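Colleague: I am new to this structure. Please pick one part and take me through it closely, step by step.

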Amino acid sequence: MTNMEHFKELLKNKGLKMTTQRGIILEVLSECPNQHLTAEDIYELVRKKQPEIGIATVYRTLQLLSELELIDTLDLDDGFVRYELAGTDGSGHHHHHLICMSCGKVLEFEEDLLENLEEKIELTTGFKIYNHKVKMYGYCKDCKEKL
Ligand SMILES: [Zn+2]
Ligand SMILES: [Zn+2]
Ligand SMILES: [Zn+2]
């Protein structure tokens, strides 16, 4: 299955039609894995494929796709909201971020050991956890050597 067919399925599952804007934005994000693009970055890339698209449409579509949990948002505390494709199943949960406090590099970490913790929290507090976001702050390999 191509990415586009996959996205079409995801949208259909949410009761929505694939439109050109939705398709292009999902395509741009799938072409830039691990990049954590801002809305402006995405707009620039989208414009190369579809010059007549407006930034308002890009914002609106990003909002919609993130409400549908087809894309994830990430806040790196720099005043920008960043976007990336959610897990392939559209569950909106697949990796966590390691942020270098020296060079600002963002690494992704796939391992997820938090399910146990979630279970424990639910057992002890009765709080049903739906999702979590984890940001780890530290120094990347390169910066660590220079410390
Ligand atoms: Zn990421
Ligand atoms: Zn670094
Ligand atoms: Zn997790």
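Modeller: What follows is a close look at helix H2 and its surroundings.

First, the ground rules. The model is predicted, so local features need pLDDT of at least 70 and side-chain atom pairs count only at pLDDT 80 or more, while totals for chains, interfaces and linings use all residues. Residues are numbered from 1 along each chain as its sequence is written, chains are lettered from A and ligands numbered from 1 in the order in which they are written, and side-chain values use heavy atoms, with hydrogens and water left out.

Start with the helix itself. H2 covers residues 20-31, 12 residues in total. Helices here are DSSP runs (H or I, at least four residues), strands are runs of E (at least two), and both are numbered from the N terminus. From first C-alpha to last, H2 reaches 16 Å, close to the 16 Å expected at 1.5 Å a residue. That expected span is 1.5 Å times one less than the number of residues.

Now its buried residues. Arg22, Gly23, Ile24, Ile25, Leu26, Val28 and Leu29 are buried in H2. Buried means under 20% relative accessible area, exposed over 50%, partly exposed in between (1.4 Å probe, protein chains only). What do these buried residues pack against? They pack against helices H1 (3-13), H3 (39-49) and H4 (55-67). Strands S1 (37-38), S2 (71-75) and S3 are also on the list. Contact here means heavy atoms within 4.5 Å.

H2 also has charged links to H3. A salt bridge is a side-chain nitrogen of Lys or Arg within 4 Å of a carboxyl oxygen of Asp or Glu. Glu27 pairs with Lys49 in this way, with the closest N and O atoms 3.1 Å apart. Glu27 belongs to H2 and Lys49 to H3, distant parts of the chain, 22 residues apart. Lys49 also meets Glu31 in a salt bridge, at 3.1 Å from N to O. Glu31 lies in H2 and Lys49 in H3, so this pair ties together parts 18 residues apart in sequence. Together, Glu27, Glu31 and Lys49 are linked in a network of salt bridges.

Glu31 counts as partly exposed at 47%.
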